[in-house]
Amino acid sequence: MKHNKALLLIAAGLFSVSLSAQELSGEFIGEIYTADGTIGASTATSVTVNFTYDTSIPLTGSAATGFTYNGNLIRVTYEFRDAMGNPVNFGLPAPYQLPPLATPVNLTGSFETDNQTYSYNTLAYSLNSENYMAYFNIQDNVRPTIFSQLTAFPRFQEILNEPDAYESLLIIDNGAGFNESWVYVGVHTLRYFIQDADGDGVADTLDACPASVLDPNAMFGVIDSGVPNYVDANGCSIMDRYAVCAAEEAEAPTSPWGWFQPIYSGPTYCENQVSYNLVDDGVIDYTEARMLRNALNLSHQ
């Protein structure tokens, strides 16, 4: 039970979760059917739209009736290319996001989970008397539904290289010198990006240690054990497990001896158990466990 308590302490405090854990990011890619305005007058033939939602802002509605939102879409980036795959630059914000001094105009959107066929998303604001808009919708086409998750924060169904699986309308405005453009797109790819705040290869949503210690080897002070600092399937490195012991020791009750305490400079019981637990979990072998224990003991001499 103490170990569980220490793990909770780490998750809540010592290893603080990045704000990105509240974000859901992805992209969709498609070929342009038709377009008008500035983009319509260009050589652009395809577009990639990157989007990020803040999932911590509550939605209104339910899966049965559909959801609406206000302020959840926080970033949008458009990347246009011509028929040869070369970038076509319109000087658009990269990304569109609400600047500190801007006046919000429309930050609303919807996930129509009741019929599972439509979503619209708007990030529009004014700044220095100029209007800016990043709008996109996603609707069914060859695929009859667009959602893979209807509850909590809805998610679009991911697709890869399926021509015209979805359709999308983009409405883009970029202030003076840019003619508002309506761009109709056949979407062939939609995917989400894995959020991995600590870079350990385990998605934040599955990561029990969201701010892992990722030194190349397991280190005890200046003592290098020579054992790679492996990360397990739960996103916890070997050194994360020893950090649990440090947190547990910090939580230990004050000694009844007061200021006069027996001196013990060796590893704690928790630290001694880490190598055995790692072997049991299949993270290391017996030789590596011995190397960890030897380095741990040396660090206490």
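The questions and answers below walk through a predicted model of a single chain.

Me: How many helices and how many strands does the chain have?
Reply: The chain is 301 residues in length, and buried residues make up 43% of them. Among contacts with a separation of 6 or more, residues 24 or more positions apart account for 61%. As for its secondary structure, the chain has five helices and 16 strands.

Me: How many disulfides does the model hold?
Reply: A disulfide is a covalent bond between the sulfur atoms of two cysteines. In this model one such link joins Cys209 to Cys236, and another joins Cys245 to Cys270. Counting the bonded cysteines along the chain gives the pattern 1-2, 3-4, and the count comes to two disulfides.

Me: Which parts of the chain does the disulfide of Cys209 and Cys236 tie together, and how many residues apart in sequence are they?
Reply: The sulfur atoms of Cys209 and Cys236 are 2.1 Å apart. Cys209 lies in the loop between β14 (181-192) and β15 (217-220), while Cys236 lies in the loop between β16 (223-228) and α3 (238-251). The pair therefore ties together two loops, and the parts it joins are apart in sequence by 27 residues.

Me: Is the disulfide of Cys209 and Cys236 right-handed or left-handed?
Reply: The handedness follows from the torsion about the S-S bond, which for Cys209 and Cys236 is about 85°. Because of that torsion, the disulfide is right-handed.

Me: Are Cys209 and Cys236 buried or exposed?
Reply: A residue counts as buried when its relative accessible area is under 20%. Cys209 has a relative accessible area of 3%, and Cys236 has one of 9%. Both values fall under that cut-off, so Cys209 and Cys236 are buried.

Me: In which helices do Cys245 and Cys270 lie?
Reply: A disulfide joins Cys245 to Cys270, with an S to S distance of 2.1 Å. The pair ties together parts that are 25 residues apart in sequence, because Cys245 lies in helix α3 and Cys270 in helix α4 (residues 269-280). Cys245 counts as buried at 2% relative accessibility, as does Cys270 at 4%. The helices asked for are thus α3 for Cys245 and α4 for Cys270.

Me: Is the link of Cys245 and Cys270 right-handed or left-handed?
Reply: The angle about the S-S bond of Cys245 and Cys270 is -75°. With that value, the link is left-handed.

Me: Are α4 and α5 roughly parallel or roughly antiparallel?
Reply: Two packed helices are described by the angle between their axes and the distance between the axes. For α4 and helix α5 (residues 286-299), the angle is about 165° and the axes are 9 Å apart. Since angles over 145 degrees count as roughly antiparallel, α4 and α5 are roughly antiparallel.

Me: Which residues of α5 do the residues of α4 meet?
Reply: α4 passes α5 in a right-handed crossing. From α4, the residues involved are Glu271, Asn272, Ser275, Tyr276, Leu278 and Val279. In α5 they meet Tyr286, Ala289, Leu292, Arg293 and Leu296.

Me: What is the bridge partner of Met219 in β16?
Reply: β15 and β16 pair in the antiparallel sense over three bridges. Their hairpin has two residues between the strands, and Gly221 takes a positive phi near 65° in that hairpin. In β16, the residue bridged to Met219 is Asp224.

Me: Which residues is Asn234 in contact with, leaving aside its neighbours within four places in sequence?
Reply: Asn234 lies in the loop between β16 and α3, and it counts as partly exposed at 47% relative accessibility. Although Asn234 and Cys209 are 25 residues apart in sequence, their C-alpha atoms are 7.6 Å apart in space. With those sequence neighbours left aside, the contacts of Asn234 are Val202, Leu206, Asp207, Ala208 and Cys209.

Me: Where does Pro95 lie?
Reply: A cis peptide bond joins Ala94 and Pro95, with omega about 10°. Pro95 itself is placed in the loop between β6 (87-88) and β7 (103-106).

Me: Is Ser129 buried or exposed?
Reply: Ser129 is found in the loop between β9 (118-127) and β10 (130-140), and its phi is near 65°, a positive value in a residue other than glycine. Its relative accessibility is 76%, and a value over 50% counts as exposed. Ser129 is therefore exposed.

Notes. Residues are numbered from 1 along each chain as its sequence is written. This is a predicted model: local features need pLDDT of at least 70, side-chain atom pairs count only at pLDDT 80 or more; totals for chains, interfaces and linings use all residues. Side-chain values use heavy atoms; hydrogens and water are left out. A disulfide is a pair of cysteine sulfur atoms within 2.5 Å. Helices (H or I, at least four residues) and strands (E, at least two) are DSSP runs, numbered from the N terminus. Buried means under 20% relative accessible area, exposed over 50%, partly exposed in between (1.4 Å probe, protein chains only). Two strands pair if DSSP finds at least two bridges between them. Axes are lines fitted to C-alpha atoms, for helices over the stretch in contact, and angles run from 0 to 180 degrees between N-to-C directions. Angles under 35 degrees count as roughly parallel, over 145 as roughly antiparallel, 65 to 115 as roughly perpendicular and the rest as oblique. A crossing is left-handed if the near helix is turned anticlockwise from the far one by less than a right angle, and right-handed if clockwise. Contact means heavy atoms within 4.5 Å.
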